[in-house]
Amino acid sequence: MTAHELILQSKAPYTAIAKHELPAIAASSDWQNKYRILMNLGKQLPVFSSDFQRDELLIAGCDSKAWLLHQYDGITQKHYWAFDSEARVVKGLVALAICQLNGLSTNELAKIDLTALLKPLGLYQNISPSRQNGLQAVLDKMAEQIKAAS
């Protein structure tokens, strides 16, 4: 499988997450329900083969191994990501970010505060500092990739 094929394979699950799970998490006030949704999100996404579990895709700053694949379409100026992690909660958290960012242009992404992206979902107060750090490391890497493309 190529990187482009993996990105394409990831689009449908991220779209479904944006349509179903993102609103469910936003609407829920019960942390246990939100946690269950987060855990299940990781199961919906493709698992990276060893071909994509490479050092250059590895996110520094995560306690568990996590890989971020980025594809930038220079013609449309749109960005797409796929993500995998050994930690299902981190995979779920990142999925909630990616489902809101995939397919946006560099100009659209420049208007978004990636750090504040998930705050309205009420997740930060219940996730451990190490998971918060891992999520922030992924968001920082995405910001680097967006900047590099502009």
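Reply: Searching the whole structure, which is a predicted model, turns up two aromatic pairs. Let's take them in turn.

One is Trp31 with Tyr35, and the pair is tilted: the ring centres are 5.7 Å apart and the planes make an angle of 55 degrees. That angle is why the pair gets the "tilted" label, as stacked needs planes under 30 degrees apart and edge-to-face needs over 60. Both residues belong to helix α2, which covers residues 31–44, and they are four residues apart there, so about one helical turn separates Trp31 from Tyr35. Trp31 has a relative accessible area of 17% and is buried, while Tyr35, at 27%, is partly exposed. The cut-off for buried is under 20%.

The other pair is Phe48 with Phe52, and here the geometry is edge-to-face, with 6.1 Å from centre to centre and 70 degrees between the planes. Phe48 is buried, with 4% relative accessibility, and Phe52 is buried as well, at 5%.

Tyr80 has Lys11 lying over its face, 4.1 Å from the ring centre.

Another lysine deserves a mention while we're here. Leaving aside residues up to four places away in sequence, Lys91 touches Gly42, Leu45, Pro46, Val47, Phe83, Asp84 and Ser85.

Now for the whole chain. The protein chain has five helices and two strands, and from the N terminus the order is α-α-β-β-α-α-α. With a radius of gyration of 14 Å, close to the 15 Å that the globule rule gives for 150 residues, the protein chain is as compact as a globular protein of that length. Its C-alpha trace spans about 40 × 35 × 25 Å along the principal axes.

As for burial overall, 47% of the 150 residues in the protein chain count as buried. Contacts between residues 24 or more positions apart make up 61% of those with a separation of 6 or more. The accessible surface of the protein chain is about 7600 Å², and carbon and sulfur atoms account for 51% of that.

How values were computed:
Residues numbered from 1 in each chain as written. Predicted model: local features only at pLDDT ≥ 70, side-chain atom pairs only at ≥ 80, totals over all residues. Heavy atoms only, no water. Phe/Tyr/Trp six-rings, centres within 6.5 Å; stacked < 30°, edge-to-face > 60°. Buried < 20%, exposed > 50% of the residue type's maximum accessible area, 1.4 Å probe, protein only. Lys NZ or Arg CZ within 6 Å of the ring centre and 35° of its normal. Contact = heavy atoms within 4.5 Å. Rg over C-alpha atoms; globule rule 2.2 N^0.38 Å. Areas by Shrake-Rupley, 256 points an atom, 1.4 Å probe, with all protein chains shown as cover.
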